[in-house]
Amino acid sequence: MRILVDYRPALRQRTGVGEYIHELVRALASHRTDEVSIFTSSWKDRPSPELSAELGAHVIDCRIPVGLLNALWHRAGWPPVEWLAGGADVVHAAHPLLIPSRHAAQVVTVHDLFFLTDPSAVGAEIRRDYASLAAAHARRAHAVVTSSEYGRQQVIERLSAPPARVHVVPPGAPSWRHLGASPLPAPAGYALFVGTIEPRKNLERLLDAWQRVVASLKTRPRLVLAGGVSSKSAPLLENLGAPGLAGTVEYRGYVPEAAREALFAGARLLVLPSLDEGFGLPVLEAMSAGIPVVASNRGAIPEVAAGSAELVEPLDVDALAAALVRVLEDEDHARDLARRGLERARAFTWQRSATILSAVYAEAIARRRAESTS
């Protein structure tokens, strides 16, 4: 099977979608029974010379501005990917819109539907194309991949995709060098938030809750925010110097993969109070590291945590503050959450994900061939 995967979301900073694609490709390539290639396009960003060896996949790098290529692919359905990357049996888009192909089965990825539920939180290109095209593309795709059962139901209900074509391929837990052998809630560690600084992550309420945490404890706990910024980040970041927050909240920006383990190793807990999540990868990262989790009871988070995290209503600031205080102060509770999280995280492996995805590809190829002969 010749597999071509869209690697563009992982070309620069590997946030959730980029990390998902990177690790899936590496796991797929490790099977050694398929021919795996990745496709990138950018005018200025080039993949590292070591990427092919790191992934075990062939790298096809085109010097085409990604915005131009997306406009052509999304709006004109042209050029076919074969013109740029050669032949393949299946081509997998890392986003909800099809990559044009003359002969390959077409697979799309839909992690969430924020482009429908909160269009102000996404970029201009996504606002322009995804809302108007995603439903039609999901119905035309030979397979749709999402990362949670919650996401699958959203795709079926909101995009009217055929249920038999929508598949859950969850991410795997990270392979830490030192973390994950035992529960590790650092006694003097910080509360850690990982994610893009944007409204749907509910950070404004987290900061309100943190002020109450600081006021209620004799110690001076710390909150560390780690993640890239969005166009709406500035007001929240400016507020970090407000009374009750100054000196207790630190913004570290985007933390690259090489520094991620040290970031988690210093944490007493992870907090993710999002208003919605298609999966909630930081929850899985923290659980696999042996770090207790306080998170929202919205979206896919309850599905991912499966009783192994302290879940709260994200609009209830008092409940969020109380949950944080309990994990910060109660050593037995923190260790029990960490232990349950470690057990839960063992269910998520990239090899299992790659095995599921290979079956999805085979089904999509069979569907494409059946359509071409009908």
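## Salt bridges

Let's start with the charged side chains: this structure holds 22 salt bridges. A salt bridge here is a side-chain nitrogen of Lys or Arg within 4 Å of a carboxyl oxygen of Asp or Glu. The general idea is that side chains of opposite charge can pair when their charged atoms come close. Before going on, note that you're looking at a predicted model, where local features need pLDDT of at least 70, side-chain atom pairs count only at pLDDT 80 or more, and totals for chains, interfaces and linings use all residues. Residues are numbered from 1 along each chain as its sequence is written, and side-chain values use heavy atoms, with hydrogens and water left out.

## A link across the chain

Which side chain meets Arg46 in a salt bridge? The partner is Asp61, at 2.7 Å from N to O. This pair ties together distant parts of the chain: Arg46 sits in the loop between β2 and α2 (51-55), while Asp61 belongs to strand β3, 15 residues apart. Helices and strands here are DSSP runs (H or I, at least four residues, for helices; E, at least two, for strands), numbered from the N terminus.

Are these two residues buried or exposed? Buried means under 20% relative accessible area, exposed means over 50%, and partly exposed is in between (1.4 Å probe, protein chains only). Arg46 has 28% relative accessibility, so it counts as partly exposed. Asp61 is partly exposed because its relative accessible area is 33%.

## Pairs within helices

Now for helix α7 (residues 149-159), which contains both Arg152 and Glu149, 3 residues apart, or about one turn of the helix. Their side chains meet in a salt bridge of 3.5 Å, N to O. Arg152 counts as buried because its relative accessibility is 19%; Glu149, at 34%, is partly exposed.

Helix α14 (residues 331-345) has a pair too: Glu331 and Arg335 are 4 residues apart, so about one helical turn separates them. The salt bridge between their side chains spans 4.0 Å, N to O. Glu331 is partly exposed at 31% relative accessibility, and Arg335 is partly exposed at 40%. There's also a network of salt bridges that links Asp336, Arg339, Arg340 and Glu343.

## Strand β2 and its neighbours

Why is strand β2 (residues 35-41) largely enclosed by the rest of the structure? Because 6 of its 7 residues are buried. Strand β1 (residues 2-6) pairs with β2 in the parallel sense over 5 bridges; two strands count as paired if DSSP finds at least two bridges between them. Leu4 has Ser37 in β2 as its bridge partner. From β1, the chain crosses through helix α1 (residues 16-30) to β2, and this β-α-β crossover is right-handed. That term means that, with the strands pointing away from the viewer, the path from the first strand over the helix to the second runs clockwise.

β2 also pairs in the parallel sense with strand β3 (residues 58-62), over 5 bridges. There, Ser37 has His58 in β3 as its bridge partner.

## Strand β6, covered on both faces

In a regular strand the side chains alternate between the two faces of the sheet. Strand β6 (residues 143-146) has both faces covered: Ala143 and Val145 on one side, and Val144 and Thr146 on the other, are all buried.

Strand β5 (residues 105-109) runs parallel to β6, joined to it by 3 bridges, and Val107 has Ala143 in β6 as its bridge partner. β6 also pairs in the parallel sense with strand β7 (residues 166-168) over 3 bridges, where His167 is the bridge partner of Val145. The chain crosses from β6 through α7 to β7 in a right-handed β-α-β crossover.
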